[in-house]
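Reader: Hi! Could you walk me through this one while I have it open?
Author: Happy to, let's bring it up.

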Amino acid sequence: MSFGDPNNPYGQQPQAPQGQPGYGYPQQAPQGVPAQGGYGYPAGAAQAYPGGYPGGPVTMPGGVKAARVMLWVIAGLQVIGIGVLFAAIALIQKLKDEPELQGNAQFEDMAKLGSGVLYALIALAVVYMIASIVLAIQMGKGGNGARIGTIVYASLGLVLSLYPFFPLSLVHLVLLILIIVFVAKSDGAAWFNRQR
């Protein structure tokens, strides 16, 4: 390697030609960005990430959005179910006033038991509906507690859908399975575990 060799890293580097600049825009430092110095990564403007760290999810993944919509659908189905249960209670009260059923002790026992069971189902449906709404709201905020709560909620709902109401709750059952799958996926986990 000689002193004048352009490939010599220790030699004198050739000077840039003075005079007229090349074609294109003149090179200027961008506004608001500090000048680069020395070695390493270029110093740029600090970027604000909604997740709080680079690489965190910026928007809610599609699967989590779908699970959130399914929670709202389940809440709507609960409202319809509560309406049906109240209609059943009203029907029992109407049948109690029928003259041919007035003296029937068996019907009166069944009506008392039936209306008590219906009131218990209404209370369960209201609690389930409130849990569905709260979890749907919490999905937008994230947090591992919302993810775990949603999985527990859907698992308990699966058990209730399988045992007493299976033929009627097939749609509910499918929605709950999909909620568990979407929330448990890796992009769902990244959404819930992001720093807020």
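Reader: Where is Leu-77 found?
Author: In this predicted model, Leu-77 sits in helix 1.

Reader: Which residues form the nonpolar patch on the surface?
Author: Leu-77 is one of them, together with Val-69, Val-73, Ile-80, Val-84 and Val-171. Together they have about 530 Å² of accessible area.

Reader: And which helix gives the most to that patch?
Author: Helix 1, residues 62–96, with 5 residues.

Reader: Nice. How many residues does helix 1 have, and how far does it reach?
Author: Helix 1 has 35 residues and spans 51 Å from first C-alpha to last, close to the 51 Å expected.

Reader: What about the buried residues of helix 1?
Author: They include Leu-71, Ile-74, Gln-78 and Ile-82. The cover over the buried residues of helix 1 includes helix 2 (105–141), helix 3 (144–162), helix 4 (170–184) and helix 5 (186–193).

Reader: Switching topic, how many residues are in the largest nonpolar core?
Author: That core has 22 residues, and Leu-71, Ile-74 and Leu-176 are among those with the most contacts inside it. Helix 4 contributes the largest share, 6 residues.

Reader: What is Leu-176 in contact with?
Author: Leaving aside neighbours within four places in sequence, Leu-176 is in contact with Ile-74, Tyr-128, Tyr-153, Ala-154, Gly-157, Leu-158 and Ser-161.
Author: There is also a second, separate core of 11 residues, including Ile-82 and Phe-107.

Definitions and conventions:
Residues are numbered from 1 along each chain as its sequence is written. This is a predicted model: local features need pLDDT of at least 70, side-chain atom pairs count only at pLDDT 80 or more; totals for chains, interfaces and linings use all residues. Side-chain values use heavy atoms; hydrogens and water are left out. Patches are made of residues with over 30% relative accessible area and no salt bridge: like charges are joined within 9 Å, nonpolar side chains (Val, Leu, Ile, Met, Phe, Trp, Tyr) within 5 Å. Accessible areas come from the Shrake-Rupley method with a 1.4 Å probe; for residues, only the protein chains shown count as cover. A salt bridge is a side-chain nitrogen of Lys or Arg within 4 Å of a carboxyl oxygen of Asp or Glu. Helices (H or I, at least four residues) and strands (E, at least two) are DSSP runs, numbered from the N terminus. The expected span of a helix is 1.5 Å times one less than its number of residues. Buried means under 20% relative accessible area, exposed over 50%, partly exposed in between (1.4 Å probe, protein chains only). Contact means heavy atoms within 4.5 Å. A nonpolar core is a set of buried Ala, Val, Leu, Ile, Met, Phe, Trp, Tyr and Cys residues joined through side-chain atoms within 4.5 Å.
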